[in-house]
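Dear colleague,

I am handing over the structure we spoke about, and below it you will find a short account of what turned up when I went through it. Please read the notes alongside the coordinates.

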Amino acid sequence: MKAENPQNSPYAVEVEAGKCYYWCSCGKSKSQPFCDGSHQGTSFAPVEYKTTENKTVYFCGCKKSGNQPMCDGSHSK
């Protein structure tokens, strides 16, 4: 099964130190870029991202990144 492509650009998200985020790997979540459980019944699972500092990160929007859950520019290729 192939992941859906919700957008061809990254999601810029302000993350908070000490928090865990769960990135949607299937592309079906209505809460992009985060998981809302829409993967249930598929082979997809959310990818956990933990941060130790407050900063802006860029979560993959096309679901093709080789550095999931972060954008690596795959949407441009």
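Predicted model: local features only at pLDDT ≥ 70, side-chain atom pairs only at ≥ 80, totals over all residues.

Along its principal axes the C-alpha trace extends over about 35 × 30 × 20 Å, and 35% of the 77 residues are buried.

As for secondary structure, the protein chain has four strands and zero helices, so that the order from the N terminus is simply β-β-β-β. Of the contacts with a separation of 6 or more, 57% are between residues 24 or more positions apart.

The accessible surface comes to about 4600 Å², with 46% of it belonging to carbon and sulfur atoms. The chain carries 9 positive and 7 negative charges, whose mean positions lie 8 Å apart.

The aromatic residues may also interest you. The whole structure contains three aromatic pairs, and one of them, formed by Phe 34 and Phe 59, is edge-to-face, with 5.4 Å from centre to centre and 75° between the planes. This pair links distant parts of the chain, since Phe 34 sits in the loop between strand 2 (20-23) and strand 3 (47-50), whereas Phe 59 belongs to strand 4 (residues 55-59), 25 residues apart. Phe 59 counts as buried because its relative accessibility is 0%, while Phe 34, at 23%, counts as partly exposed. Together with Tyr 21 and Tyr 49, these two residues form one aromatic cluster.

Best regards

Key: Residues numbered from 1 in each chain as written. Heavy atoms only, no water. Helix = DSSP H or I, 4+ residues; strand = E, 2+ residues; numbered from the N terminus. Buried < 20%, exposed > 50% of the residue type's maximum accessible area, 1.4 Å probe, protein only. Contact = heavy atoms within 4.5 Å. Areas by Shrake-Rupley, 256 points an atom, 1.4 Å probe, with all protein chains shown as cover. Lys, Arg positive; Asp, Glu negative; His and termini not counted. Charge placed at Lys NZ, Arg CZ, Asp CG, Glu CD. Phe/Tyr/Trp six-rings, centres within 6.5 Å; stacked < 30°, edge-to-face > 60°.
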